[in-house]
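Open the model in your viewer and keep the sequence panel beside it. This tour says what to select at each stop and what is there.

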Amino acid sequence: MKKQWWHNKVAYQIYPKSFCDSNGDGIGDLRGIIGKLDYLKRLGVDIVWISPIYSSPFVDQGYDISDYYNIDPLFGNMEEMEELLEEAKKRNISILMDLVVNHCSNQHEWFKKAMADPDGPYGDYFYIREGKENGEPPCNWRSYFGGSVWEKVPGTKNKYYLHMFAKEQPDLNWENPDVRREIYKMMNWWLDKGLAGFRIDAIINIKKDLTFSDYPADRDDGMCSAHHMLEHANGVLEFLQEMNRETFAKHDAFSIAELFNYDPCALEAYIGEHGCFSSIFDFSTEMLGGSEKGWFDLKAIDPNLYRDTIFESQAKCEGIGYMANIIENHDEPRGVSRYLPKEGQTTEGKKMLGMLMFMRKGLPFLYQGQELGMENTVFSDISQIDDISTKDEYQVALNAGCSQAEALRACTFRSRDNARTPFQWSDGENAGFTTGKPWLPVNPNYKTINAKDQIGRKDSVFSFYQELIRLRKNPEYEDVVVYGKMVPVFEDMDNVFAFYRVTDKKKLLVLANYQNEPVSLNLKEIPTRVLINNYEDLELKNNTITLKGFQGVVVE
């Protein structure tokens, strides 16, 4: 694998609305991010991805873009964006923005022109099709947010436009070369301005099954998941290769894609030496516990399955390319609440989970608050929910016969709003996030989980993450941590997560006890040095290590 400038870095996602509010309106902003760059530098972050800050009506929290060339006043202005790029550069921090080009907002000028004249040139910027003769939509695909992917074009008899997400997010027609040229022009404009690259949203969806055929229904609503369409949509790589040639390759830019439902055989085409992207997120564990029925049917995640899924994913990309490792993001609940059993949701358990993310091969990609061990919040009523997908899944649960309490419990555990509660800076009013009323309620546990308490405290989750980052950047260990092959061991032992990281010159062993009960492991070699330990002590006798509950160590 050819070495790249970003391989040894540590990346961090900011959800700007919830990161830091500088003006007291209850919403995070660019000035707030600028003011916290030194915090990110102190943590050890090199790359920062900022979720959408473009002009938007915020039907889907900014992922419905009405103007790609402007900053929404909610967050600030272009001068502040340019200041952020300049201040980040002083600290050797690279800035990524979200690239949302599968769809735009229904308030974008292109869509307004398309609705005014569906048969005109801008109508072909979108997927506008005739409905069935009986007046039904063209096909039975279900939107990711529930309901049909088709919405009636106002003022027409039987025309519909396609939206894979909310009806306010019409899909752009990538089959139209004019659309692609406009998108590449916009991307290059931002890269010329000083962006290091983009995180690319929902990009697999840009290629559709152009037959617009019905598929077997998978719920009582008579519709089918959009995933079925993706299985029949061929040719997305041609679009992505063109995008790379026209934008990223010209700027040596970093590109990381949100890529679900891709063909594993095409992994090299996506992230190989001549791939479309620098990297993709490893979402293999994000799919665990899911159900086609809905969130109300989610299953608990077994530690052995979590371990085996990660090992399988690592094996697939070995020798091909570099994936980005995550435990949470803005679209997922908090990782410590999801992947750790209740008894493991402790300071030690949180450290262990972070260690497992950092020590496997790939780019560590933190989400804001992960370094503090922020947890899922508590919702007492569906009215407290802002997230569009949670509201839909709540209704799905009710329709399936769940009580209101059961539906709320199931949906709020999985809700995206868990990761969107304000960042917990201190134990002061509103967790130090704002002097006004926060747009989402602060997690009640901010009194005990906050940055002010953890910074400088040696036994904190924050300090442990700093320790992991220092090991990654330590010249003595950088090569093995960044490039070393990952070799699983103790796979036959329940609740033990263990693997080597190996190069010709170094060998590290990563051990984690994913349970409350202690476990003893007989090693083939005697460790010469303990590099990482989430406890103060380690029971080591000759070649036998005994790990306490949820203890995680890295030994040389």
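Two strands pair if DSSP finds at least two bridges between them. Helices (H or I, at least four residues) and strands (E, at least two) are DSSP runs, numbered from the N terminus. This is a predicted model, in which local features need pLDDT of at least 70 and side-chain atom pairs count only at pLDDT 80 or more, while totals for chains, interfaces and linings use all residues. Residues are numbered from 1 along each chain as its sequence is written, and side-chain values use heavy atoms, with hydrogens and water left out.

**Stop 1: the parallel sheet**

Select strand E1, residues 11–14, and strand E13, residues 363–367. These two strands are parallel and are paired by three bridges. Tyr12 sits opposite Leu366 of E13.

Strands of a sheet pair through backbone hydrogen bonds, either parallel or antiparallel.

**Stop 2: Gln368**

Select Gln368, found in the loop between E13 and helix H12 (388–399). Is Gln368 buried or exposed? Buried means under 20% relative accessible area, exposed over 50%, and partly exposed in between (1.4 Å probe, protein chains only). Gln368 has a relative accessibility of 1% and counts as buried.

Next, show the side chain of Gln368, which reaches the backbone nitrogen of Tyr15 at 2.7 Å. This is a polar contact: a pair of N or O atoms within 3.5 Å, where within protein one must be able to donate a hydrogen and the other to accept it, and residues adjacent in sequence count only if both atoms are side-chain atoms. Contact in general means heavy atoms within 4.5 Å. Leaving aside neighbours within four places in sequence, the contacts of Gln368 include Tyr12, Ser18, Arg334 and Phe423.

**Stop 3: Leu96**

Move to Leu96 in strand E5. Leu96 is buried, and its relative accessible area is 0%.

**Stop 4: helix H5**

How far apart are the end C-alpha atoms of H5? They are 25 Å apart, which agrees with the 24 Å that its 17 residues should span at 1.5 Å a residue. The expected span is 1.5 Å times one less than the number of residues.

At the N-terminal end, Asn176 caps H5, with a side-chain oxygen 2.9 Å from the backbone nitrogen of Asp178. Just after H5, Gly194 has a positive phi of about 125°.

Colour the buried residues of H5, including Val179, Ile183, Met187 and Trp190. The partners against which the buried residues of H5 pack include strand E4 (67–71), helix H3 (78–90) and helix H7 (236–251).

**Stop 5: helix H4**

Select helix H4, residues 109–116, whose buried residues are Trp110, Phe111, Ala114 and Met115. They cover an arc of only 130° around the axis, so they are on the same side of H4. The arc is that of the directions from the helix axis to the C-beta atoms. The buried residues of H4 pack against strand E6 (128–130), strand E8 (159–162) and H5.

**Stop 6: strand E16 and its partners**

Select strand E16, residues 507–513, where six of the seven residues are buried. Strand E15 (residues 496–502) runs antiparallel to E16 and is joined to it by seven bridges. A hairpin of four residues links E15 to E16. The bridge partner of Phe497 in E16 is Ala512.

Strand E21, residues 552–555, also pairs with E16, in the antiparallel sense over four bridges. Here Leu509 stands opposite Val555 of E21.
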